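This briefing covers the chain interface, the metal sites and selected residues of the structure shown below. Please read it alongside the sequence and the coordinates.

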Number of protein chains: 2
Amino acid sequence: MDRHDLKKAGLKATLPRIRILNILEQSEKRHVSAEDVYRALLDAGEEVGLATVYRVLTQFETAGLVERHNFEGGQAVFELYEGKHHDHIVCNQCGYIEEFVDQTIEKHQHTVAKKAGFDITDHSLIIYGDCTRAKCPHYEG
Amino acid sequence: MDRHDLKKAGLKATLPRIRILNILEQSEKRHVSAEDVYRALLDAGEEVGLATVYRVLTQFETAGLVERHNFEGGQAVFELYEGKHHDHIVCNQCGYIEEFVDQTIEKHQHTVAKKAGFDITDHSLIIYGDCTRAKCPHYEG
DNA sequence: CAGGTAATGCAAAAGCTTCTCATCATATCG
DNA sequence: CGATATGATGAGAAGCTTTTGCATTACCTG
Ligand SMILES: [Mn+2]
Ligand SMILES: [Mn+2]
Ligand SMILES: [Zn+2]
Ligand SMILES: [Zn+2]
């Protein structure tokens, strides 16, 4: 992802946009808030305003470069869109996020929509639970 | 639902709480925001503070009397909990909400959680689409 | 119905996101 | 390559939803 992809998306290849794209690509965490991106820029010594981060992320979303998710907790999170849909399972304890696709669930959603008389455009499926990773604060055996 | 149910939930039967419960029961719309509840109270000539509405709705949620949903749009919505789980399909155009349960989807969520090593506690499934009701602004045949 | 405790109302504050507007960078074209 | 027009940025103010602090008031118990 570089200035070329921005141009293709109809966006001027400005320094802030290139930098934000880099943050999204190089981030340890795949799902990051606007604040996360902003702090990462500050840590890297880049001067980008928080308002710009919000603006650019929204533009990226509109352009189909990133996806926005509203997990519980008020703060929206963003991730690069890689061309394939997936859903999320989130740990209540440590916030760890795993991605998944279940074809049966996907298919049944369409059935449900049809039965309800809706032309389905999208969906959001988030499973919440307690993960069993050693790292997780609440995990004991 | 009356003062008795409040007591059983460990909540004092105060006037604001009784009134809010009534609003939730008698509301035209099943899924209402805190603002919706607040305005309904004002319209009924009841003097209840907005902060109290938020506090009480959160207490009701904790007590298992209502459920909170975070649909797109920033504002949380609440509905009375009737003892049975369901998911939602929401119209992008008019906001109309239909409820559904799909046992296959429910079952597969547990499978997914197990495979990911999570003890599932909850989930949120929201399907978005365009409804085909005559009432709907975008619906044309 | 008096006393203790919990709930309320108001206003202030918090948290997240968007907007305004003067300034600045980018793309384009000569 | 430099001038110009256009669009983007940064800083702060503002918006919207939700929470909090605190003095006052209502509920429950006895
Ligand atoms: Mn993801
Ligand atoms: Mn519902
Ligand atoms: Zn965890
Ligand atoms: Zn509709």
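**Overview**

The contact takes 33 residues from chain A and 33 residues from chain B, where contact means heavy atoms within 4.5 Å. This is a predicted model, in which local features need pLDDT of at least 70 and side-chain atom pairs count only at pLDDT 80 or more, while totals for chains, interfaces and linings use all residues. Residues are numbered from 1 along each chain as its sequence is written, chains are lettered from A and ligands numbered from 1 in the order in which they are written, and side-chain values use heavy atoms, with hydrogens and water left out.

**Interface between chain A and chain B**

- The size of an interface is often given as the accessible area lost when the parts come together.
- About 2700 Å² is buried between chain A and chain B, with carbon and sulfur atoms giving 64% of this area; buried area is the accessible area (1.4 Å probe) that two parts lose on being put together, summed over both.
- Zero salt bridges are counted between chain A and chain B (a salt bridge is a side-chain nitrogen of Lys or Arg within 4 Å of a carboxyl oxygen of Asp or Glu).
- There are 14 residue pairs in polar contact between the two chains, both residues being at pLDDT 80 or more. A polar contact is a pair of N or O atoms within 3.5 Å; within protein, one must be able to donate a hydrogen and the other to accept it, and residues adjacent in sequence count only if both atoms are side-chain atoms.
- On the side of chain A that touches chain B, two or more residues come from each of strand 4, strand 5, helix 5 (103-116) and strand 6 (118-131) of chain A. Helices (H or I, at least four residues) and strands (E, at least two) are DSSP runs, numbered from the N terminus.
- Strand 6 of chain A supplies the largest share of that side, 14 residues.

**Manganese site**

- His31(A) (NE2), Glu79(A) (OE), Glu79(A) (OE), His86(A) (NE2), His88(A) (NE2) and Glu99(A) (OE) coordinate the manganese ion (ligand 1) at 2.1 to 2.4 Å. Donors are N, O and S atoms within 2.8 Å of the metal (3.2 Å for Na, K and Ca); water is not among the atoms, so sites may look incomplete.
- The site of the manganese ion (ligand 1) is irregular, with angles of 57 to 166 degrees among its six donor atoms. Four donors count as tetrahedral if all angles lie between 85 and 135 degrees; four count as square planar and six as octahedral if opposite donors are over 155 degrees apart and all others between 65 and 115; anything else is irregular.
- The donor residues of the manganese ion (ligand 1) have the sequence spacing H-x47-E-x6-H-x1-H-x10-E.

**Zinc site**

- The zinc ion (ligand 3) is held at 2.2 to 2.3 Å by the SG atoms of Cys91(A), Cys94(A), Cys131(A) and Cys136(A).
- Angles of 101 to 115 degrees among the four donor atoms make the site of the zinc ion (ligand 3) tetrahedral.
- Along the chain, the donors of the zinc ion (ligand 3) follow C-x2-C-x36-C-x4-C.
- Cys94(A), in the loop between strand 4 and strand 5 of chain A, and Cys136(A), in the segment after strand 6 of chain A, are 42 residues apart.
- Cys136(A) counts as buried at 3% relative accessibility (buried means under 20% relative accessible area, exposed over 50%, partly exposed in between; 1.4 Å probe, protein chains only).

**His123(A)**

- His123(A) lies in strand 6 of chain A and counts as buried at 12% relative accessibility.
- The side chain of His123(A) makes polar contacts with the side chains of His85(A) at 3.1 Å and Gln109(A) at 2.9 Å.
- Residues of chain B touched by His123(A) include Ile126(B), Ile127(B) and Tyr128(B).

Methods
Lists of a residue's contacts leave out its neighbours within four places in sequence.
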